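Open the structure in your viewer and keep the selection panel at hand. The tour below moves from one selection to the next.

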Amino acid sequence: MAERLRRELTPDGRGIRIDSDGLSLRVQRIRGKDLATLRLEGAGVNVAFPSAEKLFEGFVPKYVDAKLMSYHDNPFTWGNNSNVINSGVHDISLVPSSMSVGDIRDAEDDILIAIATNEDYPSNGLVHGVDSIGNGSVVHHVFNISDEDDAFVVQVTALNRSSRISVYGRRGGLAHSKNCEVCLTWRDWKPTVSRHGAPESQSVMIFVSGKNHTGKYSVGVEIAGVDDVYEDAVEDGVLVVDPADQSRLNGTQFYSLRVVRLSCRYWAEDAETWLPNGCRVHPTSTITETVCACNHMTAFGAGFVTAPNTIDLTTVFDKFADIGNNAGVLATVLTTLALYLIAVVYLRKVDKADMKKLIVHGLPDNRSTDTYYYKMTVYTSYGRGSQTKSNVAFSLLGEGGTTGVRVFKQDPVTFQAGGVDVFLLAVQGCLGDLHRLQIWHDNQGGDDRAWKLDKVIVRDLQSGETNSFLCNQWLSLDHGDGKINRILSASTEQDLSSVDLFTTKAAGAFRNEHIWLSTIFCPIGSQFSRVQRLSCGLCIIYTTMIANAMWYKTEDTLEQTNVVNLGIVSFTLHELYVSTMTSLCVLPVNVLLIQLFNRCKEKQQPAKNSVYVAEKEHIRSLLVKRRSSSQFLPHRFVYVAWSILVLASCVSAFFTILYSLEWGPEKANKWLKTFLMSFVQDVLVVQPVKILFLSALVSFLCKKVAVLSTREDSVRQQIDVEDSSQPEGGLFAWISRRAAMRVAKLQMQKAFSKHHQTDESQEEQRKKEETRRNTDNVIQEVVGFFLFVLVLLFVANGGTNMYSHHAYTTVAGLFQGKFDKIKTADDYWSWARDALIPGLFQEKHYNSDRLIWRRTLFISDTTSYRIGAARYKQIRIKPRPCGFNQRYPSLFLNQECNVGNTFSDEETRNFSPGWRPLSFSNSSDDFSKHSPWSYHLPGSGGELPVIGDIATYDSGGYVAGVGGDKDTALSVIADLNEADWIDRYTRAVVVEFTVYNANVNFFSSVSYTVEFLNMGGAVPSRSIRTYRLHRFVGTAGYIILAMHVLYVACFLYTLHREGKLMKEQGKRYCQQPWNLLEIVNILLSFSAIAVFAVDYTTSRNTLDNLLHHHGNNAWL
C-alpha cells in the first residue's frame, strides 16, 4: 500500500495519511535539500531528521520519500523483552531518489523521534519504587538506576500557592543544598496565580541519564519554614492546617513527586528482540513525551566484541555495605591469598634448602699445584629413578690435552633427580678448545645404580669460554640402550640438528619459563627463585581477574548468543572472546615482572668460612668474573619488581571485589566461570604455545642462538665454595690419601673396561630396549588412532543434524493430502488444487490476518522460504504402431501400442496447445520455448534424471511453471486441465520446487512424481532431499571446520610418515600387511578429501547461482 501511495506523491505536498483502529500510515515526499525542515507527524509520534548530507554521507538526493507506519500496540510480542515496550511502535524509513536504497546507520547527527507516553499516573503522591527518608526539613526520595540504557524524569509539582520548596538531585549519596548536582531553589520556580485568582500548579523536571551512572539517585525536597508557608494563607488553594499543631505536618502535603522510567529500543529482526544499540533517551524528554535520539533507521547487529566495563567511583565506597550479600568473589580472592601465603612459607624453606645444597665441590683429586680451574655444572634429568648413588668418573679432552680419569666427589645429596651439582676441576694448564667429554659410573649404587644425565656445562674460569655437552640419555644397563658410559661432543651448530635443539630448548623452557611448572621443577640455585615465581603466579591470577572483569559483559545486549556444550561444561563465543582478551591484557605487566626478576644482578655475599679465605676468595672471584650479559640491572631493581607485584596484585584484587559488588551475586558467579576459563587457557594454552613457538623459532631459524642458549648456566654465580683444605696428618696421611685416590681411579677404569666389553649383555639389553620401544610405539599408535577416529567421527557426522528429519517430515506433511490415492489425471489436478497450492502459498496468518508481502514468500509452515519458482514437468512417449500388424494386418490395422519407458521412447517434439503437432502455419504463432507444450532439453538447467518407482526418466521434458502466487497457480491448473495437458501419452508428471529453512540451515529439494501406466492407473512417489549448502555457520560450524583442518593435518602427517618409511625400507615396506592397510587408508582419505573439495566447490557455485538468479520467477 505504501508503494502505491508513493506513486501519487508530489514534492512539497502535504503527504498522505491513512488511519485505522490499530495502524496509522503516513507518506510524504520532500526535496532532499529541505529534509532538515521536515517534521513527520503520525499517531502519537513526531520525527525530526537531520540534513540529507548528514544522513546519506555527503550525497543530497533530489527527492526523499518518507514513510511513517505507527502501530498503536506492540506487534512484536514474541521477543524475550517485549514487556519493556509500553508505547506504540513506529516504523520509519526514507527512500531517496537517484540512488540505491540502503540502510541508514551511524549517522553523524541523530534522528529525533518524539513518542507520546501514556498518562496513566496518579495525580499526586509518590510512584511505586521510590523510598522517602525524612531528614529535618528535607525529604529524600531515593530510586535505583539499574540499566545504563534507561533514563528517568523526576517531576516535582507544587500543590498550592503557599508551597515554598527547593529541589536537589545527586547520585550516590543524599542530596541537599550543600551537596547537589542539580540545585533548584524556590525562587527559580515558585508557583504563579492565574488572572482569575485561582492557583496554577507549577512543576520542575529533572532528567537523569543512566549512561555510566547506574546505582542509586537521591532527590531531596526542602520545605520552607511553616510560618512562611502560612503567611498570606487566605486565598483559595492554600492548604489549611493549624500552624500551632505541626506534629502531623508532612512535607509531601505541599508537593507531589513523580519518577518515570524512559527507554528507547528498536526491533532487531535477525535477533527477534528489542535492543538499545544506537538509540538513547534525549534530555528533552518529559513526563508525557519520550524523545529518542537514534543514529540509524534499521536493525543492525551487535557482535560479541564489547568495551570494558566501568566503575562509578562516586558510589564505590557505599557498596561495601552490601559486601555480605555477595561474598563469592571476595571469598575467592581471600582464599587465593591464603593459599599463596601457605605455599610461600613452604617454598621459602625449599629455596633455603636448595641454597644449602648448592656449593662448589672441589674434586677429591685436585692438587694444590693445579692452578687452572674449570667449573663443571652437572644437570641430572627429571623423572622417576633418574638419580644415582653410583660412583661417577669422567675424562675431558681438549685441544691442548686431557684430564685423564677424574672422579666426582659425591655425598647423599649429589646427582639427585632434577638436581644441579657444581664441581671445581683443577688442572695444570689450559686444555684449549674442549672437544669431548667421556663420562661413566661403576654401576654399584644398589637400587639407585642407574643414572639419567641431562647435560654437563664446562666453563673456563680464566677465559670465560663455555661449552655444553648434551646427553639426555640413560647411563644404565637396565634402561635405554644398556650403556653406562657416554662420549659426549661439545655442542656446535654442525653437530646438533634443529630437532634436537628444539627438544632440548623446549624441555628446558618448560622447567624454567612456564610460571607454574617452574615453581616445582625450576633448577636448583636459579636466580629466579620459587617464591618469586609463585608471587608472579599470584599476580597473574589477580590481574587475570581484573582484566576478565573489565571485559566481562552479559550477553543480554547481544543479538545472538551461540552456546557450545561440552558435556557438563558450556560456554558462549562471548565468554571465549573475553578469556582471549584477558590473556592479552595480562601478559605485559607479568612479562615485565618476570624480566625484572631475571635481569637483576645477584647480591654480593661474603665468604662464610674463614679457613683458607685467600684461596677461596680467589676462586670466588674467578666464578663471578664473567657474569651473564642477561643480568644487567642493579640488584635494587628486585625491590622495584616486588613493589610493582604488590601494587598490581592489591589494586587488581580490590577492583575485582568492587566489580562483583557492582554486578550482584548472580552476575558475579557467572563471571567466576569466565575467569576460570581464562585462567585455564593461560596455564594450558597461552604459556605452552608461547614456549613451543619461541623454541621452534629459535631452533629452526636462529640455530646459533639456540646453541648458545644450551651453554647458559642458570645457576647463580654467588654461591659458596667448599673448603678444599686437607686435614692434617703428615706425610703418611698424605701418602694414604693419594693411594686411596689412585685405587679409586683404577677401579673406575676397570668398571669402564668391564662394561665396555660385555657385548652379549649389551645385545640383551638392546633387545629389551627395542621391545620396550616397540611397546611404546604400539601404545602411541593406538592412542593416536583413537584420537584420529574421534576426529573422523566429528568430520563424518558434522553434516548431520537431528533437525533435518524434522524438516523432512514437516515438508512432507504439508503436501501429502490424497497424493497416495492418485489414479487418474483428475485426481492429480484435484490434489494440486487442494494440497499442493495451499502448501506452497500462504496468504493469511493463523488468525486470518492478511500477510505482508515478505511473508508470502514462505510456504505454509511459515519457516521455509521458496527458492525460485515451482514447476510441473511431464515426460511423454512417442506414439507408435503395434509390432504385430505385419502378421495380422486386419486385426491391428491403424492401432497404437504405447509401451516402453526407455530414454529412446521419450517424446522430444514441440507441440501447439492441446498437443497438436506444429505446422508451418502455426509454428510462429503458437510455439514458445517457455510454453508447456515445448520440449525442454536435458541438462539445460543442470537437472538430474527423474527416478520413479517404475522407471528412470531423462532430465528433459515439457515444463509448466506453477506460478508466483496462489491465484496464478490455480489459474495454471485450470488451463492445463482444460487443455488435457495430461493424456494417454503421459508417462510421468513431476512437480519440483526448492525451499530453505534458515532456522535449521537446511535446503530441501522436493519432487512429487506420478507415473501413469499405459494400461491405466498411476503410481505416485515422492523424493525430499534435505541438505546443507552453508556448511560452517555458527559455533558448531566453526568446530566442524577446525575438525576438517585437523583431519587434513592428520592425513598429511600420515602421508609424510609412510613416505619416509617407504624410502627407508624400500621393497620390504610392501611385504608388511599393515603397511598395505596404511596405503589403502591414505588412498581412501585422499578420495574423501577430493570428494569434499568437489562437493564444497559445487555448493559454493550453487549458492552463487542462487544469489545471481534471486528474484527471478524461474525454477532453481
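The stops that follow cover an open sheet, a strand with two partners, a loop residue and a surface patch.

This is a predicted model, in which local features need pLDDT of at least 70 and side-chain atom pairs count only at pLDDT 80 or more, while totals for chains, interfaces and linings use all residues. Residues are numbered from 1 along each chain as its sequence is written, and side-chain values use heavy atoms, with hydrogens and water left out.

**Stop 1**

Select β1 (16-19) and β6 (89-96), the edge strands, each of which pairs on one side only. They belong to an open sheet of 4 strands with antiparallel pairing, in the order β1-β2-β5-β6. On average, neighbouring strands of this sheet are turned by 10° against each other, direction ignored. Such angles lie between lines fitted to C-alpha atoms and run from 0 to 180 degrees between N-to-C directions. Strands here are DSSP E runs of at least two residues, and helices are H or I runs of at least four, numbered from the N terminus. Two strands pair if DSSP finds at least two bridges between them.

**Stop 2: strand β28**

Go to residues 434-441, strand β28. Is it enclosed or open? Of its 8 residues, 6 are buried, so the strand is largely enclosed by the rest of the structure. Buried means under 20% relative accessible area, exposed over 50%, and partly exposed in between (1.4 Å probe, protein chains only).

Show β24 as well: 7 bridges join it to β28, and the two run antiparallel. L397 has R436 in β28 as its bridge partner. Then show β31 (residues 485-489), joined antiparallel to β28 by 5 bridges.

**Stop 3: S381**

Select S381, in the loop between β23 (372-380) and β24 (392-398). S381 is buried, with a relative accessible area of 5%. Leaving aside neighbours within four places in sequence, S381 is in contact (heavy atoms within 4.5 Å) with S386, A417, G418, K452, L453, D454 and N472.

**Stop 4: a nonpolar patch**

Finish at helix α12 (residues 665-701), where F693 is found. F693 is exposed, with a relative accessible area of 54%. Together with L676, V680, L684, V685, V689, L694 and L697, F693 forms a nonpolar surface patch of about 720 Å² accessible area. Patches are made of residues with over 30% relative accessible area and no salt bridge; like charges are joined within 9 Å, and nonpolar side chains (Val, Leu, Ile, Met, Phe, Trp, Tyr) within 5 Å. A salt bridge is a side-chain nitrogen of Lys or Arg within 4 Å of a carboxyl oxygen of Asp or Glu. Accessible areas come from the Shrake-Rupley method with a 1.4 Å probe, and for residues only the protein chains shown count as cover.
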